[in-house]
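User: I am new to this structure and would like to understand the words used to describe it. Could you take me through them with care?

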Amino acid sequence: MTASFDLVVRGDLVLPEGISRDSWVAVTDEKIVAIGQGEPPAAKALADHRGRYVFPGLVDGHMHTGSAVGFPGIEGATLSAAAGGVTTVCDMPYDIPKPITNATIFKEKVEAVHKLAHVDVALYATITKHDGVGEIAALADAGACSFKLSTYEYDPVRFPRIDHPTMIQAFAEIAKTGLMVGVHNEDEELVMQLTAQAKAEGKTDPIMHCRTRPPLAESMANLEIFEIGMETGAHAHLAHSSIARGFEQAAQYRAEGGLASGETCIQYLCMTEEDVVRLEGFGKCNPPFRTADEVERVWEALENGDIAYVSTDHAPWQREKKVNKGDIFAVGAGLTGMQTFAPLMFSLLVERGLPVEFMARYCAERPARFHGLYPKKGAIRLGCDGDFCVIEPGDFVFDEATIQDRPDARWSPWHGRAMKGRVAATILRGLPIFDGTTVSAKPGSGQFVPRQHRETYTGGEF
Ligand SMILES: [Zn+2]
């Protein structure tokens, strides 16, 4: 018999319906064309991962390649993704010097992706602080996966706060496109007032980062977002919720017929306020880490199916920007998390005795569905792209020196953490791109993935 498949991957497959032990999946012309159990069929290449889990390639629904260094950041962030078992990233639009606010800039970024990316990339779009609503339809037509707006201003150009009247107009336009609008959800007035007060009192130690961005800053912003979603018919999505309350709010609006959802980031499933004290600037992100009790409540929300998906909010700032020099407010906000995403999620599930299938669901299938990338991306299923993340179970320790990104981005809040597994291989559209040690993908191995359709997905069983 002649080898009919390009590649067969053998191992314990994590399929949508559950784990299929000692099984195989065959890829031809980049697509999954056959799945079976036992002895694998002939193929031009065999990736034998018996005893390991073969997950779908992870889909990171929220990350930032370009906040620190602009489009060139795509190269290192996607290299890190390849080494982390992440085969598709949904990149945020807040790039320097030009955020993705019109179709011309969007197309420039698509070209940069084709030149620089090591894994596949879907792209968010946004609007300018003023007079940008008219660009929304063209951005959707250019293939944006989703839109991103903010209730809080980091920078008037790169990451502006969108005022209420503009937010309402933007949601109404986005509703016509069928795309989701993810919103950074923190009440600016409250955060600014608490921060000014803390500074005036000379309280600038790390815990004040948490105290000046309380849970109420999130839940108030959530109401604004969901109310505008209800009014306009847009799919309103919390770009991150660090608190279970956010998922309760989303569920209430869904129960009333709204298109409402929220994601969490992996740090809100394991980090606490004590970690900000320990890590100082390297534990600073927005929203901040919460209490250990809140972490438990977020897990409950995940187990109840109330969370859209789990993302990283990966933001590879220069190490220098994360060093606390006595004023936590002067430190840049954002964590690296791309290369720890798969081993950490796997470890958290194992440590909690939860099904490892949750990683396939919440870190691949559901983000792909929310961003309109499914069924091309997100699952080990006939017709999907042959994207895989192979996890070798065992006892490992994460070392930030293994991060494959720019040298100044090789830091991690999980440096030294014990892990219950490691990424043993990454396969992108049938091509092995990481062997557990070395990334063989090159800049340009990755492709831009346009949104595949305009249907809305807000969760539920499938
Ligand atoms: Zn973010």
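Predicted model: local features only at pLDDT ≥ 70, side-chain atom pairs only at ≥ 80, totals over all residues.

Analyst: Residues are numbered from 1 along each chain as its sequence is written, and side-chain values use heavy atoms, with hydrogens and water left out.

User: What makes His62, His64 and Asp313 donors of the zinc ion?

Analyst: Donors are N, O and S atoms within 2.8 Å of the metal (3.2 Å for Na, K and Ca), and water is not among the atoms, so sites may look incomplete. NE2 of His62, NE2 of His64 and OD of Asp313 coordinate the zinc ion at 2.0 to 2.1 Å, so they meet that cut-off. Along the sequence, the spacing of these donor residues is H-x1-H-x248-D.

User: Why is His62 called buried?

Analyst: Buried means under 20% relative accessible area, exposed over 50% and partly exposed in between (1.4 Å probe, protein chains only). His62 has a relative accessibility of 1% and therefore counts as buried, and His64, with 8%, is buried as well.

User: How do you know that His314 is in contact with His62 and His64?

Analyst: Contact means heavy atoms within 4.5 Å, and with neighbours within four places in sequence left aside, the contacts of His314 include His62, His64, Asp60 and Gly337. His314 sits in the loop between β13 (310-311) and α11 (319-322), where helices (H or I, at least four residues) and strands (E, at least two) are DSSP runs numbered from the N terminus. His314 is buried because its relative accessible area is 2%, and its side chain reaches the backbone nitrogen of Gly337 at 2.9 Å.

User: What makes the largest pocket a pocket, and what is its volume?

Analyst: On a 1 Å grid over the protein atoms alone, a pocket is an open set of points with protein on both sides within 12 Å along at least five of seven lines, whereas a cavity is a set of points where a 1.4 Å probe fits but cannot get out; lining residues have an atom within 4 Å of a point. Grid points are joined across faces, edges and corners, and a volume is the space filled by probe spheres set on the points. The largest pocket has a volume of about 650 Å³, and of its 36 lining residues the closest to the centre are Tyr154, Asn286, Val331, Gly332 and Ala333. Helix α5 (residues 188-200) supplies the largest share of that lining, four residues.

User: How many cavities of 30 Å³ or more are found, and what lines the largest cavity?

Analyst: The search of the whole structure finds two of them. The largest cavity, of about 50 Å³, has His314, Gly337 and Phe398 among its lining residues, whereas the second largest cavity, of about 30 Å³, has a lining that includes Pro56, Lys376 and Asp387.

User: Why is helix α12 described as largely enclosed?

Analyst: Nine of the eleven residues of helix α12 (residues 341-351) are buried, so the rest of the structure largely encloses this helix. Among the buried residues of α12 are Phe341, Leu344 and Leu348, and Gly353, which follows α12, has a positive phi near 65°.

Notes. Polar contact = N/O pair within 3.5 Å; in protein donor to acceptor, adjacent residues only side chain to side chain.
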